[in-house]
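Please keep the sequence and the structure in view as you go through them.

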Amino acid sequence: MTGNSSYDQLVQEDRVHRRVYADPQIYDDEMRRIFGRTWVFVGHESEVPEPGDFKTDTLGRRPIILVRGEDRKVRVLYNTCRHRGSKVAYEDYGNAEQFRCLYHGWTYETTGMLKGVPLRERFRNFDPEPDFGLIPVPRTQSHRGFVFASLSREGPSLEEHLGRGAYYLDQMCDRAPDGAIEAIRPIKCDYRGNWKLQLENYADNYHAAILHQSAFEVGAKMQQEKFGTRPFTMRNAVSKHIERNYGAGHSMVDYVGNRGPLWMNAYANPEYLKLMQAKYGPERAQDLLELDVHIMIYPNLLLHTRMNHYRVLRPTAVDRTEVWSYPCKLKGAPRDVNDTLILNTAHHVSSMGEVQVDDLQAFTWVQDGLQVEDMDWVLFKLVGENVHVNEHGEREWHNTSEEMIRHEYVEWRRLMVGEKAQGSRPRQAEIGPIARPRSSATQKEGRR
Amino acid sequence: MTDHTLREELEQFVYQENNLLDDRRFEEWLGLLADDIVYWVPNAMEDGAPGEIGVIVYENLTGLKARVARTLHQLNPAQKPPPRTRHFVTNIVVSGDGNGAAHLSSNLLLYVSRDQQLFQYPGKSEYRLRKIGGGWRISQKKIHLISNNLPLSQLPLL
């Protein structure tokens, strides 16, 4: 095991040691201290809409069942029989009247309670408590249907942990005329690389126009033919956005400066616009339709409003990670809109998609490159412009930076060292020096 | 045309089509597609409309042309180096309507050598074919991978 003091040294203000990505012992510690402790996203309630609906998954390394019980309550239970430990739910998704262990036939209610034990009358010293059954994960809470679980019995509540993140999740859900999203079956990818590479990549606008140049060039050419828009150039590709972190490792990007005309996007449906205007009024409806943000909820949930999906990180080894992307429907929206969003998501994130595959390739290159022991440090030195704290207490700045990744590592270090959570408001230590000199040259570039 | 002749003709057509993919003659491969081609690789769930249940790919001719352009682009990361592929096609079953339209189903075993590993992708292919100007063209190609419910790494054109 790696001592706490060494985690202080491995993660510094603007650089991270290669071992953080390559050392199996550190990965073991992460499974215990991050995935075994903080709030981890486990699923969306819309995946189990009816009583008895369940899905199986893992929380860190532990098999779990997300199930809606006969009482309509959604629970997260460990998928392990109280007799000998066999799993009791076997399908990815299903509907069950009860969970029956196929090894010796113990049965459990969909609420998790023990129901039946074959030959029970001949068991000795077996007098279980009335609530004996499938073991619930110590803490489960949800926000707008997003279900999180924590293996730690104590610690901040989910609302404290999410902080401002709750507002961003709300925005994603508010774009549905019925106020809720519905997650459909995930599109699954995997890559040969550490899980944090995907987490960093989602908070990284530095790589986009470079790594994805082939996809962006071809995409821009198609749009040019269809809409008469501009071709791809590196200059056109300079992103004009706002980046923010709001504590607990979470961050977000608002691509507010890149919003194209509404008629070009998937939400340009008159019927949908009408439903939204009726619900929210013209101004907020327009804003919700144009909303283009990436939301990162540390450590494993990444949301994408333009294509209306979220991705879940599933580390399986120090150098192996799965990314499950869940396309979402906007409940109450016209079918056309949802069809387009679902197909756009697939074309973006699948193993035959046009963008995510580039990232997966880069993660493998990085994982290989970090086997070089003389390559001590991975650098995150790119700073944002006009860094300040905004009216919501978020740390905010303009344009491309590696600020969000540095922020992820503040939380990583905190969890790995075992410091108490401070809630999700950025602390002064995380905010750091905010009065950076504003260079007129870089500002000009940012506005281009 | 007898069933036997049709079968032989379509077998040859599909073998050639798969060879073009393996030989990376993607522009020629595009030439085998009907203008209204639907190229479809279902995701975990198979019963339902693509926009309803999700897909790995659901693409028309424009999308496929863009895919080929990306594949051949000098800066495509997934093509550094290009994967080497070989499609094995067996268990072919052919039926024609006697009026220039046909259906062909087959088993597919695709081997891909990339990232210092050998990957195998077994599945089933379903073709809808139409005779256009004396030659067969593909109006739908649907590939059901048996691993479409598992995490996959980058896939080439199937």
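1. A residue counts as buried if 20 or more other C-beta atoms lie within 10 Å of its own. In this predicted model, buried residues make up 30% of the 158 residues in chain B.

2. Chain B contains four helices and six strands, and along the sequence these elements follow the pattern α-α-β-α-β-α-β-β-β-β. The radius of gyration of chain B is 16 Å, close to the 15 Å that the globule rule gives for 158 residues, so chain B is as compact as a globular protein of that length.

3. Taken along the principal axes, the box filled by the C-alpha atoms of chain B is roughly 45 × 35 × 30 Å. Among the contacts in chain B with a separation of 6 or more, 53% are between residues 24 or more positions apart.

4. For chain A, the domain assignment gives domain 1 (40-155) and domain 2 (160-205 + 241-447), and the centres of these two domains, taken over C-alpha atoms, are separated by 31 Å. Their contact takes eleven residues from domain 1 of chain A and 16 residues from domain 2 of chain A. On the domain 1 side, the largest share, three residues, comes from strand E3 (residues 40-44) of chain A, and the residues of that side divide into three nonpolar, six polar and two charged.

5. Between the chains, 33 residues of chain A are in contact with 29 residues of chain B. The elements of chain A that each supply at least two residues of its side include strand E14 (187-191), helix H8 (213-227) and strand E20 (320-330). The residues of this side of chain A divide into 16 nonpolar, seven polar and ten charged.

Notes:
Residues are numbered from 1 along each chain as its sequence is written. Chains are lettered from A and ligands numbered from 1 in the order in which they are written. This is a predicted model: local features need pLDDT of at least 70, side-chain atom pairs count only at pLDDT 80 or more; totals for chains, interfaces and linings use all residues. Domain bounds come from an automatic or database domain assignment. Two residues are in contact if their C-beta atoms, placed from the backbone, lie within 7 Å. Ala, Val, Leu, Ile, Met, Phe, Trp, Tyr, Cys and Pro count as nonpolar, Asp, Glu, Lys and Arg as charged, and the others, Gly among them, as polar. The radius of gyration is taken over C-alpha atoms; the globule rule is 2.2 Å times the number of residues to the power 0.38. A residue is buried if 20 or more other C-beta atoms lie within 10 Å of its own, exposed if 12 or fewer, and partly exposed in between; C-beta atoms are placed from the backbone.
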